[in-house]
Amino acid sequence: FREYFINCISMDDAFNKLIEERNIKNENTKTSYRYTYQSASDKFGGYDVWNRENKKILGQIRHFEIPTTAKYHLINVVIMFKKLYKRESEVLSRYRNELNLEIQSETKTRLDNMELPDYETYFGSIDKETNKRKYIINKVIQLFGFRNLDLMLSLQKMKRGQRPNLKDNINKMVIQKKDVVLHILNYKTSATYGYKKLIIKKDKYPLLVKTINEYYNEGFMYLLSKKNKEEIKKNALHRYILLNTNNVGTSSLFKMSVKYFRERGDLNRLKELSDSRGTSLDTICSNYNIQNENKVELKGKCYI
């Protein structure tokens, strides 16, 4: 019966069934799952990973010379298929929990040992920059913890009562009479967190709002612009951001910020960053060893 069952199911059939059962819509998530499933199939001896013996799987994976995070993702996808085909997976789940604790410990150690810039020195020096674009980019990263893609912002100026088009999936920096409103639709975790509306208030950040207005008035319609004022291409995004962040990058700047506020016990600021970035507070807390006994998930508008 087992051979007949396997012969009737192809790798694509199994994968598509998993995607359908878990109601996964995001294409990036599908690609990631497919890659991990293929890797698990190769390493554990067959795409029918749900039929592999748990003891054998544990014996194999413990000897794999791969990072702990890679082991975690492998065992996680195996558990998914075990549950999909109603196979016992409790022993694998216990091992996954062990790996998760290892990852938390490793991440905490890496963060503490990382040669990150000093938060106050880095952003203090950016405040003195004469390059408007670089100043705006770094201030937005500082305030909202943005990733690269979030920064691909179309600049627009609107009168009172006008509304931006939110159906085109384009991130917007809308300049209003007083404040600047960011409408973030296209970003890494949008499938989970959805549309984000973030407001830079003029009375709190007058220099930033003034600089954004000046940049727009100089004819720049995009935050990330070439010399000819056209928007940069996505394939140049990573290099462009490095050039505008002193070769540090958004990921390291976020880690720098988390470390800074963690050491000061400022959980409120970390909650704000989790909401504006689109990263769960649980993820930030577990990755950076932050105590969050009274966590509160922020919803809707995020005023900073």
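A salt bridge is counted here where a side-chain nitrogen of Lys or Arg lies within 4 Å of a carboxyl oxygen of Asp or Glu. The model is predicted, with local features needing pLDDT of at least 70 and side-chain atom pairs counting only at pLDDT 80 or more, whereas totals for chains, interfaces and linings use all residues. Residues are numbered from 1 along each chain as its sequence is written, and side-chain values use heavy atoms, with hydrogens and water left out.

**View 1. Asp-12 and Arg-34 form a salt bridge between two helices.** The closest N and O atoms of Asp-12 and Arg-34 are 3.1 Å apart. This pair joins distant parts of the chain, with Asp-12 in helix H2 (residues 11–21) and Arg-34, 22 residues away, in helix H3 (residues 27–44); helices are DSSP runs of H or I with at least four residues, numbered from the N terminus. Asp-12 is partly exposed at 41% relative accessible area, and Arg-34 is also partly exposed, at 36%, where buried means under 20%, exposed over 50% and partly exposed in between (1.4 Å probe, protein chains only).

**View 2. Arg-94 and Glu-90 meet in a salt bridge within helix H6.** The N to O distance is 3.3 Å, and the two residues are four apart in helix H6 (residues 90–113), about one turn of the helix. Glu-90 is exposed at 53%, while Arg-94 is partly exposed at 47%.

**View 3. Arg-269 and Glu-272 meet in a salt bridge within helix H13.** Their side chains come to 3.0 Å, N to O, and because Arg-269 and Glu-272 are three residues apart in helix H13 (residues 267–277), about one helical turn separates them. Arg-269 is buried at 12% relative accessibility, whereas Glu-272 is partly exposed at 24%.
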